[in-house]
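Here is a guided walk through one protein model. Keep the sequence and the 3D view side by side as you read.

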Amino acid sequence: DASVEECAAYQLIDLDSRETKRRTEGVTKRTVVNINPHSLYFATTRELGFFLNQREARLKVIWKKEKDNKVLIDISDTKDVVEQHKSEPGNVLILVHTVWSFEPLQAIGEIQQTAVTF
């Protein structure tokens with residue numbers, strides 16, 4: 001029960017929200033760096049326990065609104081160095097790629113609807 005823009009904005013804002021920061025669950029370090037109004041770097045380091053090396057994710061997040069009002073968010077691993085998120089010896093760099101698609105549906109009354117696939 002939200003517009004395409006509201007749904008996409010929630011996902012992007014949630015990367016660095018206070019609520020997300022409270023849910024630490026193994027996250028030992030989190031860095032968000034804005035590149036421009038449509039992209040950012042998002043880096044995390046996680047402690048897995050059980051004598052496993054920490055896992056490090058270095059992601060580039062890009063979003064775009066298309067002519068048909070669809071919003072796409074592409075989240076991909078990157079080798080770009082985030083200066084504020086220094087890697088530690090022994091960390092394992094993970095690979096990630098996901099695309100979120102937010103498509104407007106027909107409104108129910110005055111309430112906008114959105115379909116999300118990822």
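**From an aromatic cluster to the loops**

Trp-100 is buried, with a relative accessible area of 18%. Buried means under 20% relative accessible area, exposed over 50%, and partly exposed in between, with a 1.4 Å probe and protein chains only. The model is predicted: local features need pLDDT of at least 70, side-chain atom pairs count only at pLDDT 80 or more, and totals for chains, interfaces and linings use all residues. Residues are numbered from 1 along each chain as its sequence is written, and side-chain values use heavy atoms, with hydrogens and water left out.

Stay with the aromatic rings. The structure holds 2 aromatic pairs. Rings of Phe, Tyr and Trp (its six-membered ring) pair if their centres lie within 6.5 Å; planes under 30 degrees apart count as stacked, over 60 as edge-to-face, the rest as tilted. Trp-100 and Phe-102 have ring centres 6.1 Å apart and planes at 20°, so this pair is stacked. Trp-100 and Phe-118 are stacked too, at 4.5 Å centre to centre with 15° between the planes. Trp-100 lies in strand S6 and Phe-118 in the segment after strand S7 (111–117), so the pair ties together parts 18 residues apart in sequence. Strands (E, at least two residues) and helices (H or I, at least four) are DSSP runs, numbered from the N terminus. Phe-118 counts as exposed, at 69% relative accessibility. Trp-100, Phe-102 and Phe-118 form one aromatic cluster.

Now look inside. The largest nonpolar core has 15 residues, and Phe-102 is among those that touch the most other members, as is Ile-75. Such a core is a set of buried Ala, Val, Leu, Ile, Met, Phe, Trp, Tyr and Cys residues joined through side-chain atoms within 4.5 Å. Helix H1 (4–14), S2, S3, S4 and strand S6 (97–108) each give two or more residues to this core. The largest share, 4 residues, comes from S3. Leaving aside neighbours within four places in sequence, Ile-75 is in contact (heavy atoms within 4.5 Å) with residues including Leu-59, Val-61 and Trp-100.

Finish in the loops. Phe-51 lies between strand S2 (39–46) and strand S3 (55–65). Phe-51 counts as exposed, at 89% relative accessibility. Most residues other than glycine have a negative phi. Phi of Phe-51 is positive, near 65°. Asn-69, in the loop between S3 and strand S4 (71–77), also has a positive phi, about 70°. At 39% relative accessibility, Asn-69 counts as partly exposed.
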